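Here is a short briefing on one protein model. Look over the sequence and the structure first, then read the points below.

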Amino acid sequence: MPQLEVRDIHTSYGLSKVLFGVSFDVEPGECVALIGRNGVGKTTTMRSIISLTPARQGSIVFEGTDITHLPTHKIAHLGLGFVPEERRIFPELTVWENLDIARRKAPDGAGWAEDQVFDLFPDLGQIRSRLGGVLSGGQQQMLTIARSLMGNPRLLLLDEPSEGLAPRVVETLRDKVKQLKDSGLSIILAEQNLKFVLHLSDRCHIMEKGEIHYSGTPDDLRANPDILERYLTL
């Protein structure tokens, strides 16, 4: 059984329909990428899964539980973590306070705590007393991911994590996400940076106008430059 099943979801903002029958699965420990230009529905798909913008039609099932119409906080307690594109840290709280406010113990008492987070992101450990509002963009992105990990998710949704970051920071972030994947954490990655995606994902879905138009592995994409030209070239 897939860990997450997204089936024929349709989502709207008011009267404006954005998603038109999106379907895909995520297997345990897998990184699945949603790729496409701005405005094709990647973020709305993520928001539908976490119920920030609930799907109006279709179903979303996580580890056997239908979460389609659950409130966001209950979905988070079931084991889904969300890292939004806007980062949304608490600027007037310190790094440590941003982490502490998101703390939730795993059912077995194991999982992520400050020590594990600072092992993954040692730079954050060195600035744990610094206010979130004075951090660089890369530091804020690391903090947003670290804060999500403090909730001990089993599936992590990353929305455009490389957006607006310097190339060297993007490489560091890519390596950190790879460590998370190698640890067994399942990931949904919404991203435009193709190099970032191909390095991390097991399967890729290219979105266009609120639908998935192509699905394949990173190797499939590398072997089909016409697909990249059609859907990803600006």
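Which exposed residues does the face of H10 turned away from its buried side carry? They are Pro225 and Glu229. Here, buried means under 20% relative accessible area, exposed means over 50%, and partly exposed lies in between, with a 1.4 Å probe and protein chains only. This is a predicted model: local features need pLDDT of at least 70, side-chain atom pairs count only at pLDDT 80 or more, and totals for chains, interfaces and linings use all residues. Residues are numbered from 1 along each chain as its sequence is written, and side-chain values use heavy atoms, with hydrogens and water left out.

**Helix H10**

- Helices (H or I, at least four residues) and strands (E, at least two) are DSSP runs, numbered from the N terminus.
- Helix H10 spans residues 225-232, and its buried residues are Ile227, Leu228, Tyr231 and Leu232.
- Seen down the axis of H10, these buried residues fall within an arc of 100 degrees, so they line one face of the helix. The arc is that of the directions from the helix axis to the C-beta atoms.
- An α-helix has 3.6 residues a turn, so residues three or four places apart point the same way.
- The cover over the buried residues of H10 includes strand E3 (31-35), helix H8 (194-200), strand E9 (203-208), E10 and helix H9 (218-222). Contact means heavy atoms within 4.5 Å.

**The six-stranded sheet**

- Six strands make an open sheet with mixed pairing, in the order E6-E7-E8-E3-E9-E10. Two strands pair if DSSP finds at least two bridges between them.
- Strand E6 (80-83) and strand E10 (211-216) are the edge strands, and each pairs on one side only.
- From one strand to the next, the twist averages 20 degrees. Axes are lines fitted to C-alpha atoms, for helices over the stretch in contact, and angles run from 0 to 180 degrees between N-to-C directions.
- E6 and strand E7 (residues 155-159) run parallel and are joined by four bridges. Gly81 stands opposite Leu156 in E7.
- Helix H6 lies across E6 and E7, at about 165 degrees to E6.

**Strand E3**

- Five of the five residues of E3 are buried, so this strand is largely enclosed by the rest of the structure.
- Cys31, Ala33 and Ile35 point one way from E3, while Val32 and Leu34 point the other way.
- E3 runs parallel to strand E8 (residues 186-191), with five bridges between them. Ala33 stands opposite Leu189 in E8.
- E3 also runs parallel to E9, with four bridges. Here Leu34 stands opposite His205.

**The four-stranded sheet**

- Four strands make an open, antiparallel sheet in the order E2-E1-E4-E5.
- Its edge strands are strand E2 (16-26) and strand E5 (65-66), each pairing on one side only.
- Strand E4 (residues 57-62) pairs with E5 over two bridges. Val61 has Asp66 in E5 as its bridge partner.

**Nonpolar cores**

- A nonpolar core is a set of buried Ala, Val, Leu, Ile, Met, Phe, Trp, Tyr and Cys residues joined through side-chain atoms within 4.5 Å.
- The largest one has 42 residues, of which Phe121, Leu124, Ile145 and Leu221 touch the most other members.
- Helix H6 (residues 137-149) gives the most to this core, with five residues.
- Ile145 touches Val83, Phe121, Leu156, Leu158, Leu173 and Leu180, leaving aside residues up to four places away in sequence.
- A second, separate core has 26 residues, including Leu34, Ile49, Leu155 and Ile188.

**Two loop residues with positive phi**

- Asn152 is not a glycine, yet its phi is positive, at about 55 degrees. Asn152 lies in the loop between H6 and E7, and is buried at a relative accessible area of 7%.
- Glu160 also has a positive phi, near 50 degrees. Glu160 sits in the loop between E7 and helix H7 (167-182), and is buried at 3% relative accessible area.

**Cysteines**

- How many disulfides does a search of the whole structure find? The search finds zero. A disulfide is counted as a pair of cysteine sulfur atoms within 2.5 Å.
- The sulfur of Cys31 is 8.2 Å from the closest cysteine sulfur, in Cys204, which is too far for a bond.
- Cys31 is buried, with a relative accessible area of 1%. Cys204 also counts as buried, at 1% relative accessibility.
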